[in-house]
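Hi,

Here is the structure I promised to pass on. Have a look at it first, and then read my notes below.

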Amino acid sequence: MEHKIMGYARVSSKEQKLDRQLIELKKYVPAENIIMDKQSGKDLNRPGYQALKGPLGLRQGDTLYIKSLDRLSRNKEDIKKELEWFKQNGIRLMILDLPTSMIQVPPGQEWLIEMINNILIEVLASIAQQERETIHARQREGINAARLARRHLGRPAITVPENFDDVVAQWKNGEITAREAMRQTGLKRSSFYKLVK
């Protein structure tokens with residue numbers, strides 16, 4: 001039975017483009033064998049990715065190419081589970097941004113790739129998880145900042161000076177001019193007349 005060479009590309013939202021990943025993957029994989037998802041990497045429940053692992057998907061001896069480890073997932077535990085799944089099912093995972101995963105070794109030397117990959121995968125999985133947590137922290141900060149900004153929207157309310165009633169009475173009795181009344185209360189023209197009303 002002939003072994004398949006497949007590719008997987010993912011972006012987090014429908015607005016994002018897959019172009020850069022596809023250009024790289026097409027160097028190794030026929031275009032019709034590249035599966036794509038436009039969905040977050042927070043979990044593995046994505047139609048394209050699940051199809052790769054389903055009954056018509058990857059088999060023992062097949063090879064899957066991805067651009068980077070975080071295309072599988074941004075969750076450290078999920079990445080580890082998936083790598084274990086590929087290993088148990090005899091599927092070779094080629095990660096373009098991880099050159100050691102691309103090395104071809106003579107039969108009997110596969111342990112070398114596995115050893116190097118296990119170290120690098122642990123590091124990269126931790127980075128992917130950290131990036132995800134950082135994104136969430138930034139989103140939370142943005143939401144909190146927006147809430148604070150909403151509270152301060154619009155012009156601040158005009159505070160009525162303590163001497164306002166006395167000064168207005170003097171002005172209405174013709175004892176002082178409006179300009180003098182504004183000077184004594186420290187109010188601008190528009191604020192003064194607004195409060196008088």
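Let me start with the contact between helix 5 and helix 7: F164, V168 and W171 on the helix 5 side meet F192, Y193, L195 and V196 on the helix 7 side. Contact here is heavy atoms within 4.5 Å. Sorted by class, this contact has 7 nonpolar, no polar and no charged residues. For the classes, Ala, Val, Leu, Ile, Met, Phe, Trp, Tyr, Cys and Pro count as nonpolar, Asp, Glu, Lys and Arg as charged, and the others, Gly among them, as polar.

Some housekeeping before I go on: this is a predicted model, local features need pLDDT of at least 70, side-chain atom pairs count only at pLDDT 80 or more, and totals for chains, interfaces and linings use all residues. Residues are numbered from 1 along each chain as its sequence is written, and side-chain values use heavy atoms, with hydrogens and water left out. Helices (H or I, at least four residues) and strands (E, at least two) are DSSP runs, numbered from the N terminus.

Back to the helices. The axes of helix 5 and helix 7 come within 12 Å and cross at roughly 90°. That makes helix 5 roughly perpendicular to helix 7. Axes are lines fitted to C-alpha atoms, for helices over the stretch in contact, and angles run from 0 to 180 degrees between N-to-C directions. Under 35 degrees counts as roughly parallel, over 145 as roughly antiparallel, 65 to 115 as roughly perpendicular and the rest as oblique.

Now for helix 6 (residues 178–185): its axis and that of helix 5 come within 9 Å and cross at roughly 170°. Helix 5 is therefore roughly antiparallel to helix 6. The residues in contact are F164, V167, Q170 and W171 from helix 5, with A178, A181, Q184 and T185 from helix 6. By class that contact has 5 nonpolar, 3 polar and no charged residues.

Helix 6 also packs on helix 7, at an angle of about 95° and with the axes 10 Å apart, so the two are roughly perpendicular to each other. Here A178, A181, M182 and T185 of helix 6 meet R189, F192 and Y193 of helix 7. The class count for this contact is 5 nonpolar, 1 polar and 1 charged residues.

What about the aromatics? There are 7 aromatic pairs, where rings of Phe, Tyr and Trp (its six-membered ring) pair if their centres lie within 6.5 Å, and planes under 30 degrees apart count as stacked, over 60 as edge-to-face and the rest as tilted. One of them is F164 with F192, which is edge-to-face because the ring centres are 6.1 Å apart and the planes are at 65°. This pair links distant parts of the chain, with F164 in helix 5 (residues 164–172) and F192 in helix 7 (residues 189–196), 28 residues apart. F164 is buried at 6% relative accessibility, and F192 is buried at 0%. (Buried is under 20% relative accessible area, exposed over 50%, partly exposed in between, using a 1.4 Å probe and protein chains only.) F192 also pairs with Y193: the centres are 5.4 Å apart and the planes at 80°, so that pair is edge-to-face. Y193 is partly exposed, at 29%. F164, W171, F192 and Y193 form one aromatic cluster.

Two rings have a charge over them (NZ of Lys or CZ of Arg within 6 Å of the ring centre and within 35 degrees of the ring normal). The charged end of R46 is over the ring of Y49, 5.3 Å from its centre. K53 lies over the face of W85, 4.8 Å from the ring centre.

Leaving out residues up to four places away in sequence, M94 touches T63, L64, Y65, I66, S101, M102 and Q104.

Cheers
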